[in-house]
Amino acid sequence: MVGEGRILVFELIILLVGFLNFAWADDGLISPSQLQMFVDELPNIPRINGFHLRNGVPHPGRLRIGMFPKKWKFHRDLPPTPVFAYGTSQKAATVPGPTIEALHGISTDINWENYLPSKHILPWDPTIPTAIPHTKKGIPTVVHLHGGIDEPQSDGYSTAWFTSRFRETGPSWTKKTYHYHNLQHPGTLWYHDHAMGLTRVNLLAGLVGAYIIRQPEIERPLQLPELDLPLVVFDRSFNRDGSIYMNATGNNPSIHPQWQPEYFGDAIIVNGKAWPYMIVQRRRHRFRIINASNARFFKFRFENGLEFIAMGSDSSYNDKPIWVKELLLAPSEIVDVVVDFSKARSDSIILSNDAPYPYPAGDPVNGANGKVMKFIIKKDGVLDKSKIPTRLIKYTPPNVSSASITRYISLYEYTSDTDEPVHLYINGLPYEAPATETPKVGSTEIWYVINLTEDNHPLHVHLGLFVALEQTELVDLEKFKKCMLKVNDAMKCGVGKYARGKKIEVAAHEKGWKNVYKMMPGYVTKIVVKFSYIHSNESYPFDATADPGYVYHCHILDHEDNAMMRPLKFTH
């Protein structure tokens, strides 16, 4: 009977997969060599203010932003692509969505509205923990402001999803209007879908956008370039009919009919265009680069050796500018840079990528995914009043001695008999297990993140900010891993006697406060996490202990969805 029951369950799953995925089709993968690079100009993504002016004085703003199905031209020679896009209307919706400009201290309320169809445009897998409406109709969505320090009811909790016109809602759903306080430090954030088990397909479909918090009284004296542009970068593959290609067969199809451990596409998209070009002046420009890929790391560099001047990492400024030749950016990481095109010796520069995929031990880049975009530099120089200050914004560094608790966070990957990944856990626990990380509001903690897998995992902590201190190699890794898989306790397995290999220093431009960091495989990464503001001693103006709480997770979306995510529940 047990065997017959399992067969029946699997047959029902296959039937459900077929029923739910009927809207997508594979029309044959198009080779990226058929798409000429640098023929589409970088689009101007619309900007909307998260505040309104009354007699020249900013006041709290209210926005209505929908999620719409539409067709989008990713490339001159590619047919229009069915996408899901954020916008104030279907006509105005874009991929990425509009850049929301907020002001520090001025709140923004947003009604996120779902106008998506009853069936998805991409295949998805109900055998992983997934938001599935009772009626089996509608696409669950919920919006997370990545890097935001806001109330739990507005954080985009994965089970707080809702379908079109709120016909169905998830078990943690509480409100239609999200309230963003914008009381944190100035910097770059981004918003994206966060629905349980559907994050990877909803983002692939196009649900991403930039969000900037400005604080003019602090930032204006820096005299940074006013030519300031977000670059939202991700990878996609396409079918000949223009639709987004996604493999519909899982790596363990008898267990997960569709789920794959990583999605990679060969076409590199910047602000909605494949390998675009941008015409720039021969002066300094500021770019806020957001890696919105599902799983692809980017190692950015200019082919002529031009340098980046790193001003900030994730949502916060560095304390001083850092000159670097290359930038390694994991999925969801942000880097805020200035590029001085007056230093270029040619009239054009190609921004390239050299990160293996999966990172760090995967395939080398090829002729398609190794190129990102082209900058065409005007010949004549222009007056540039911007500056590169010697100092930026200095925040109080972490006080390790004030840490109230030390935690060990272990990252696991579990495989099938064919050695293919089945799922990934944090601390050996599924997402739905009761919260084991219960920090006190306002506290500082030390986390030792132990990566027992072969992948680099970008760990993202909601609400909190942290500083990475060091990464230490685990010696005799297989022996330690064997103990951890059996005991699941770093202290009982004697982590100290294994964490004594070579140490990797944190890159200079990543030593500030971050909300995502790259956890190297076979290493222990020590971070200091702070659950309070970094720019002031003020308390949160909301109850962080309220339901539904927060989460922390790997930001490789295919990992997060299955099920490398854990609840983060705060106490007083």
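Tutor: F166 is placed in the loop between strand β7 (143-146) and strand β8 (177-180). Helices (H or I, at least four residues) and strands (E, at least two) are DSSP runs, numbered from the N terminus. The model is a predicted one, in which local features need pLDDT of at least 70 and side-chain atom pairs count only at pLDDT 80 or more, while totals for chains, interfaces and linings use all residues. Residues are numbered from 1 along each chain as its sequence is written, and side-chain values use heavy atoms, with hydrogens and water left out.

The backbone of F166 has a phi near 60°, a positive value in a residue other than glycine. With 19% relative accessibility, F166 counts as buried; the scale calls a residue buried under 20% relative accessible area, exposed over 50% and partly exposed in between (1.4 Å probe, protein chains only).

The ring of F166 also takes part in a pairing. Rings of Phe, Tyr and Trp (its six-membered ring) pair if their centres lie within 6.5 Å, and planes under 30 degrees apart count as stacked, over 60 as edge-to-face and the rest as tilted. Across the whole structure, 27 aromatic pairs are found. One of them is the tilted pair of F166 and W173, with 5.8 Å from centre to centre and 50° between the planes. W173 is partly exposed, at a relative accessible area of 25%.

Rings elsewhere also come together. F287, F302, F308, F341 and F375 are linked into a cluster by ring pairs. Another ring, that of Y357, has R296 over its face, 4.3 Å from the ring centre; a charge sits over a ring if NZ of Lys or CZ of Arg is within 6 Å of the ring centre and within 35 degrees of the ring normal.

D419, which is not a glycine, has a phi of about 65°, and its place is in the loop between β23 and β24 (421-426). D419 is exposed, with a relative accessible area of 56%.

The backbone has cis peptide bonds as well. One joins V95 and P96, with omega about 0°, and P96 is in the loop between β4 (81-87) and β5 (97-103). Another runs from D547 to P548, with omega near 5°; P548 is in the loop between β30 (523-530) and β31 (550-554).

The next topic is the pocket. On a 1 Å grid over the protein atoms alone, a cavity is a set of points where a 1.4 Å probe fits but cannot get out, and a pocket is an open set with protein on both sides within 12 Å along at least five of seven lines; lining residues have an atom within 4 Å of a point. Grid points are joined across faces, edges and corners, and a volume is the space filled by probe spheres set on the points. The largest pocket holds about 470 Å³ of space. Its lining has 17 residues, of which E413, T415, P421, T453 and E454 are the closest to its centre. Strand β23 (405-415) and helix α4 each supply at least two lining residues, and β23 gives the largest share, four residues.

By type, the lining of the largest pocket divides into eight nonpolar, three polar and six charged residues. Here Ala, Val, Leu, Ile, Met, Phe, Trp, Tyr, Cys and Pro count as nonpolar, Asp, Glu, Lys and Arg as charged, and the others, Gly among them, as polar.

T453, one of the residues closest to the pocket centre, lies in the loop between β25 (444-451) and β26 (457-461). T453 is buried, with a relative accessible area of 6%. T453 and P521 are 68 residues apart in sequence, yet their C-alpha atoms are 5.7 Å apart in space.

A disulfide is a covalent bond between the sulfur atoms of two cysteines; here, a pair of cysteine sulfur atoms within 2.5 Å counts as one. By this rule there is one disulfide, and it joins C483 to C493, with 2.1 Å from S to S. C483 lies in helix α4 (residues 477-487) and C493 in the loop between α4 and α5 (495-498), so the pair ties together parts ten residues apart in sequence. The torsion about the S-S bond of C483 and C493 is about -90°, and therefore the disulfide is left-handed. C483 is partly exposed at 23% relative accessible area, whereas C493 is buried at 4%.
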